[in-house]
Amino acid sequence: MNIDILTLFPGMIEGFFTNSIMARAVNAGLVSYKITDWRQFAEDRHRKCDDSPFGGGAGMVIKPEPLFKALDYVDAMNKRVICASPSGKRLTQDYAAELSHQSDLVFICGHYEGIDQRVLDRYVDDEICIGDYVVSSGEVATLVIIDAVYRLINGVITDSSLEEESFTGSLLEYPQYTRPETYCGMSVPDILLSGHHANIEKWRLQKRLEKTFRNRPELLENASLDVQSRRMLDEIKLTEGFNKNGLD
C-alpha cells in the first residue's frame with residue numbers, strides 16, 4: 001500500500017512510520033509513505049494556509065489554494081482520498097478492512113476550525129470520524145485511521161493474532177496474562193495454567209461474551225453466535241441482570 005499524508009506539521013507524522021510494527025512493514029515493502037507539507041504550496045510570502053470564515057464565526061479555516069495544489073501534486077484524483085472529520089462516517093473494523101485492500105490512499109490532516117468545503121467536494125472520497133469526540137489535531141486522527149488500516153494488510157501481522165482480537169466476530173477480546181503467575185497478590189486464572197486447550201478456549205469465549213455484554217452490548221446485535229455461545233450469553237445476561245438490579 002502507498003500512503004500519502006498531507007499535513008502542516010510533518011514532524012507529528014514521521015515518527016509513526018519509523019517505529020514499531022509500521023517500521024517493519026515499511027522495511028518489508030508492505031507499506032510505502034510520503035509526507036507532504038502543503039505549506040510549500042501557499043502563494044503568499046508568509047506561506048499563509050488559513051483565513052477567517054465567510055459568514056463570520058470562531059476560528060480559522062484552511063484555504064483551498066495550497067491544498068488543491070498539494071493534492072494535484074500527489075495525483076489525488078486517481079487515488080482514494082480520506083479526511084478525518086468529526087462529521088464523517090464512523091470508523092469501524094469492517095471499514096478499516098475495506099480500506100486495507102486499497103493500493104493507494106491519500107490522507108488530508110485538517111487543522112483549526114476546518115477545511116474549505118471546496119477541497120472536500122473536489123477531492124475527498126471518505127470523511128471518517130474516529131469517535132464521538134473532537135481532537136485539535138487532524139494528524140492525531142489521521143494516524144488512528146492509518147494504524148487501524150495498515151495492520152490489516154496481508155503480511156503485516158499474523159492471521160492468528162487477528163483472529164480473536166476485539167471486534168472480530170463482533171466480540172471484544174478476552175483478558176490476557178503473562179509471567180509471573182502471581183504478582184502483588186493477584187494470580188493468573190487456574191484455567192490458563194491447566195494445559196487443557198478446550199477448556200481454555202471455552203473460558204476465553206465466555207470472557208469475550210462477558211466483556212462485550214458489559215462494555216459494548218450493541219455489538220452483540222450483529223454477532224454470529226453458535227448454540228454454545230448463545231447459551232453462554234443467556235447465562236451471562238441472567239447473572240449480570242441480578243448484579244445490575246434486574247437488567248435484561
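A salt bridge is here a side-chain nitrogen of Lys or Arg within 4 Å of a carboxyl oxygen of Asp or Glu. The points below apply this and related terms to the structure.

1. Basis of the note. This is a predicted model, in which local features need pLDDT of at least 70, side-chain atom pairs count only at pLDDT 80 or more, and totals for chains, interfaces and linings use all residues. Residues are numbered from 1 along each chain as its sequence is written, and side-chain values use heavy atoms, with hydrogens and water left out.

2. A salt bridge within a helix. Glutamate 201 and arginine 204 meet through their side chains in a salt bridge of 3.6 Å, N to O. Both lie in helix α8 (residues 197-215), and because they are three residues apart, about one helical turn separates them. Helices (H or I, at least four residues) and strands (E, at least two) are DSSP runs, numbered from the N terminus. Glutamate 201 is partly exposed at 39% relative accessible area, and arginine 204 is partly exposed at 23%. Buried means under 20% relative accessible area, exposed over 50%, and partly exposed in between (1.4 Å probe, protein chains only).

3. The structure holds 11 salt bridges. In one of them, aspartate 126 pairs with arginine 80, with the closest N and O atoms 2.8 Å apart. Aspartate 126 lies in strand β8 (residues 126-129) and arginine 80 in strand β5, so the pair ties together parts that are 46 residues apart in sequence. Both aspartate 126 and arginine 80 are buried. Through shared partners, salt bridges join Arg80, Glu98 and Asp126 into one network.

4. A further pair. Lysine 63 forms a salt bridge with glutamate 65, the closest N and O atoms being 3.6 Å apart. Lysine 63 is buried, at 19% relative accessible area, whereas glutamate 65 is partly exposed at 31%.

5. The nonpolar cores. A nonpolar core is a set of buried Ala, Val, Leu, Ile, Met, Phe, Trp, Tyr and Cys residues joined through side-chain atoms within 4.5 Å. The largest has 30 residues, and those with the most contacts inside it are Ile3, Ile145 and Ile146. At least two residues of this core come from each of β1 (2-7), α1 (11-17), α2 (20-27), β5 (80-90), α4 (93-99), β6 (104-108) and α6 (138-150). Helix α6 gives the most, with seven residues. Isoleucine 146 touches Ile3, Ile5, Phe16, Phe17, Met22 and Phe107, not counting residues up to four places away in sequence; contact means heavy atoms within 4.5 Å. A second, separate core of 21 residues includes Ala70, Leu71, Cys83 and Ile115.

6. A nonpolar surface patch. Met12, Tyr133, Val135, Val140 and Val144 make a nonpolar surface patch of about 410 Å². Patches are made of residues with over 30% relative accessible area and no salt bridge, with like charges joined within 9 Å and nonpolar side chains (Val, Leu, Ile, Met, Phe, Trp, Tyr) within 5 Å. Accessible areas come from the Shrake-Rupley method with a 1.4 Å probe, and for residues only the protein chains shown count as cover. Valine 140 is found in helix α6 and counts as partly exposed, at 40% relative accessibility.

7. A three-stranded sheet. Strands in the order β3-β4-β7 form an open sheet with mixed pairing. Two strands pair if DSSP finds at least two bridges between them. At the edges stand β3 (50-51) and β7 (114-115), each with a single partner strand, so one side of each is left without a neighbour in the sheet. Two bridges join β3 to strand β4 (residues 61-62), and these strands run antiparallel. Aspartate 50 stands opposite isoleucine 62 in β4.
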